Amino acid sequence: MKQMATLNIDGKSIELPVLEAASGANVIDVRSLSGAGIFTYDPGFLSTASCDSKITYIDGDAGILMHRGYPIEQLAGQSEHLEVCYLLLHGELPKENQLAAFKDDINKRMPVDDEFAKLFDGFNSSAHPMSMLCAAVAGLAAQFHDGLDIYNEDHRTESALQLIAKMPTLAAMTYRKITAQPFVAPNPELDYAENFLNMCFGDPGQTSKISSTMASAMDKIFILHADHEQNASTSTVRLAGSTEANPYAAIAAGIAALWGPSHGGANEAVLTMLEQIGDISDVAKYVDKAKDKGDSFKLMGFGHRVYKNFDPRALVMQDSCHAVLAEKNIEDEPLLKIATRLEKIAREEPYFIERRLYPNIDFYSGITLKAMSIPTSMYTVVFALGRTPGWISHWCEMLSEPFKIGRPRQLYLGSQQRNYTEISSR
Ligand code: CMC
């Protein structure tokens with residue numbers, strides 16, 4: 001029997017259907033309210049489902065994250081990033097021949113047009129890599145626009161392949177630009193994470209020796225960031241895409257949304273914060289600042305909008321982080337010592353326990369990337385590279401069904417109508 005919710009307002013009774021979720025919270029379908037001249041109010045979308053989706057399920061209280069039903073721990077432990085990309089896009093794990101064909105499809109599309117070097121030349125080497133990545137992905141919209149039919153499934157799949165393939169190349173180009181080094185072309189002999197590391201740290205025309213620990217840690221970072229249901233950047237991609245915009249432009253909008261320190265910029269903010277703390281003896285002072293309501297300082301890399309017990313991605317990342325630190329033999333690096341102390345204090349302090357603030361994935365990925373010699377300003381670029389399959393899978397999912405342009409309403413609290421007064425009489 002279909003469940004209904006009843007809303008009583010102004011002496012009227014409005015019946016609202018309850019839509020049943022496959023897992024997790026059911027939702028009250030409020031779509032008919034606009035016809036009755038009533039809107040719901042939910043800044044920050046704390047209680048609002050903006051769409052339905054079959055891609056990713058999160059239970060924040062239980063610390064569960066699943067893609068297409070597969071727990072993140074199993075994917076991060078047994079899979080590789082391109083396999084997860086295939087899963088997100090197509091809904092099923094690939095068979096051996098399907099994965100081989102998918103990898104081949106990606107490899108073929110990794111090189112970017114030579115003209116992109118000129119786009120990067122237009123930036124100063126002090127430019128933030130996220131601004132360059134955003135511009136470069138928007139630049140793909142210039143290359144792939146005419147003839148692109150977003151309602152054609154093959155065209156959508158092609159866009160997804162192009163994006164997943166070209167993102168490591170563009171991301172590595174931002175690194176080479178900020179370090180004033182010549183670009184390194186993708187090498188089809190290398191796997192996805194190795195290729196990215198080689199394009200960052202290798203020499204043009206040569207294949208450098210990539211440590212398997214580093215390549216595996218980078219691949220895990222990609223897997224752990226691959227999708228996270230309707231977060232701010234994914235919702236941005238859906239909102240921009242809902243106007244029927246070019247998919248590369250919609251992904252560029254997602255990259256812009258990811259940049260903020262409350263979202264993807266948090267891993268960069270973690271390192272900036274560790275540098276700000278500066279000395280292990282000052283950790284307690286900064287913990288006090290984080291607890292002080294009158295102080296805007298927050299412990300970056302702690303807390304999550306959805307995970308209120310633990311972030312399952314953080315647990316996997318923690319192991320990977322320690323493997324990288326051990327290989328690099330830098331477990332006693334001063335900033336990492338500050339991080340370890342911070343983690344311990346925050347886990348023991350009632351303020352953090354009561355508010356259920358735990359280290360999130362950005363805490364450990366920031367430290368891992370630091371140990372891998374990736375510059376701090378590149379951290380969010382790495383996140384964007386990992387999140388690309390999620391963004392494009394959500395875009396494909398939205399386009400594959402009837403959808404409406406995203407157009408939220410508002411609660412107007414401004415002036416009533418009034419008459420214009422001449423400037424001399426104000
Ligand atoms: N340090 C100190 N206090 C905090 C922190 C923090 N990092 N995060 C939340 N609080 C406090 C907050 O002041 C509030 O206290 P009170 O109840 O006394 O007013 C309480 O905890 C609840 O916080 P909230 O702001 O209501 O939590 P939220 O769900 O709206 O925000 C968050 C989640 C992630 C934006 C926030 O925890 C934060 O800013 N964390 C630091 C930034 C960060 O690491 N972001 C990355 C998130 S994971 C990456 C991703 O998936 O995109």
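This is a predicted model: local features need pLDDT of at least 70, side-chain atom pairs count only at pLDDT 80 or more; totals for chains, interfaces and linings use all residues.

Q: How many strands form the open sheet, and in what order?
A: Strands count as paired when at least two bridges are found between them. Here three strands form an open sheet, ordered 1-2-3, and their pairing is antiparallel.

Q: Why is one side of strand 1 and of strand 3 left without a neighbour in the sheet?
A: Strand 1 (4-9) and strand 3 (27-28) are at the edges and have a single partner strand each, so one side of each lacks a neighbour in the sheet.

Q: How many bridges join strand 1 and strand 2, and which residue is the bridge partner of Ile9?
A: Six bridges pair strand 1 with strand 2 (residues 12-19) in the antiparallel sense. The bridge partner of Ile9 is Lys12, in strand 2.

Q: How many salt bridges does the structure hold?
A: As a general idea, side chains of opposite charge can pair when their charged atoms come close. The structure holds 15 salt bridges.

Q: Which residue forms a salt bridge with Asp29, and is Asp29 buried or exposed?
A: The partner of Asp29 is Arg31, with 2.8 Å between the closest N and O atoms. Asp29 counts as buried because its relative accessibility is 12%, and the cut-off for buried is under 20%. Arg31 has 66% relative accessibility and therefore counts as exposed.

Q: Where do Lys118 and Glu115 lie?
A: Both are in helix 4 (residues 115-121), three residues apart, which is about one turn of the helix. Lys118 and Glu115 form a salt bridge, their closest N and O atoms being 3.0 Å apart. Lys118 is exposed, at a relative accessible area of 54%, while Glu115 is partly exposed at 47% relative accessibility.

Q: What is the N to O distance in the salt bridge of Asp295 and Lys289?
A: The distance is 3.1 Å, N to O, for the side chains of Asp295 and Lys289. Asp295 has a relative accessible area of 23% and is partly exposed. Lys289, at 25% relative accessibility, also counts as partly exposed.

Q: Which residues are linked in a network of salt bridges?
A: The network links Asp104, Asp105, Lys108, Arg109 and Glu158.

Q: Where is Glu229, and what does Glu229 touch?
A: Glu229 sits in the loop between helix 8 and helix 9 (232-241). Its relative accessible area is 24%, so Glu229 is partly exposed. Apart from residues up to four places away in sequence, Glu229 touches Thr56, Ile58, Thr234 and His394.

Q: Which residues form a nonpolar patch on the surface?
A: The patch is made of Tyr41, Leu411 and Leu413, which together have about 400 Å² of accessible area. Leu411 is located in the segment after helix 17 (379-399).

Terms used
Residues are numbered from 1 along each chain as its sequence is written. Side-chain values use heavy atoms; hydrogens and water are left out. Helices (H or I, at least four residues) and strands (E, at least two) are DSSP runs, numbered from the N terminus. Patches are made of residues with over 30% relative accessible area and no salt bridge: like charges are joined within 9 Å, nonpolar side chains (Val, Leu, Ile, Met, Phe, Trp, Tyr) within 5 Å. Accessible areas come from the Shrake-Rupley method with a 1.4 Å probe; for residues, only the protein chains shown count as cover. A salt bridge is a side-chain nitrogen of Lys or Arg within 4 Å of a carboxyl oxygen of Asp or Glu. Buried means under 20% relative accessible area, exposed over 50%, partly exposed in between (1.4 Å probe, protein chains only). Contact means heavy atoms within 4.5 Å.
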